Amino acid sequence: MTQWDINHLFRTYHARLRHFVQKRKLAWYTADDIVQDTFLRVVATPSLPDVKYAQSYLYRTAQNLVVDHFRRERILKFVPDAEKSLEYVASDSPLPDQIVWSRQELRQLQAAINKLPAPTREVFVLARLEGKTYAEIGEKLGIPPQTAFSRMVRALTLLRDQTKIDEKN
């Protein structure tokens, strides 16, 4: 899987992409939304081409989003009441940016869990993922339930500290 430095790409191509999109006779705020969606799609895409194709990939994605925008505009014209038009397109499913943030949070949590010391991680997994009680964990690992509890407290403390560090970065 290819990893792209999205921050570098954003700094390099954001203004150019916005100009590219605005040339399609779109308002600046719509162009901003489309450029933002372009980068969100890149972040959410699990398999990206080699980074040497990043520029063309970004422009193609932006162009496709412009086409999608005009298609939606055309469909909305057929809706008799513009106020109710959102009822036709609204969905309960999470928005793309919510999906991206959730996936990113899950990756950060998985990385933080992987950094836990092995005995602490083992208790955390048994308690939180397998739903075992501290007595069951103690019996399985051959430790007193109080030790399982204290390891769980330690795991939660380390995870909280790690996620605070990740939020600052």
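A residue counts as partly exposed when its relative accessible area lies between the buried limit of under 20% and the exposed limit of over 50%. F149, with a relative accessible area of 45%, is therefore partly exposed. The model described here is predicted.

**Aromatic pairs**
- The count of aromatic pairs comes to 5.
- One of them joins F20 and Y59 edge-to-face, with 4.9 Å from centre to centre and 75° between the planes.
- This pair links distant parts of the chain, since F20 belongs to helix α1 (residues 6–22) and Y59 to helix α3 (residues 54–76), 39 residues apart.
- F20 has a relative accessibility of 17%, so F20 counts as buried.
- Y134 and F149 also form an edge-to-face pair, at 5.3 Å centre to centre and 85° between the planes.
- Because Y134 is in helix α7 and F149 in helix α8 (residues 145–168), their pair ties together parts 15 residues apart in sequence.
- Y134 is partly exposed, at a relative accessible area of 29%.

**A charge over a ring**
- R24 lies over the face of F20, 3.8 Å from the ring centre.

**Helix α2**
- Helix α2 (residues 28–44) has 17 residues and should span 24 Å at 1.5 Å a residue, which agrees with the 24 Å between its end C-alpha atoms.
- The buried residues of α2 include A31, I34, V35, F39 and L40.

**T133**
- T133 sits in the loop between α6 (118–129) and α7 (134–141).
- With 42% relative accessibility, T133 counts as partly exposed.
- The C-alpha atoms of T133 and A148 are 9.2 Å apart, while the two residues are 15 residues apart along the chain.

Definitions and conventions:
Residues numbered from 1 in each chain as written. Predicted model: local features only at pLDDT ≥ 70, side-chain atom pairs only at ≥ 80, totals over all residues. Heavy atoms only, no water. Helix = DSSP H or I, 4+ residues; strand = E, 2+ residues; numbered from the N terminus. Buried < 20%, exposed > 50% of the residue type's maximum accessible area, 1.4 Å probe, protein only. Expected span 1.5 Å × (residues − 1). Phe/Tyr/Trp six-rings, centres within 6.5 Å; stacked < 30°, edge-to-face > 60°. Lys NZ or Arg CZ within 6 Å of the ring centre and 35° of its normal.
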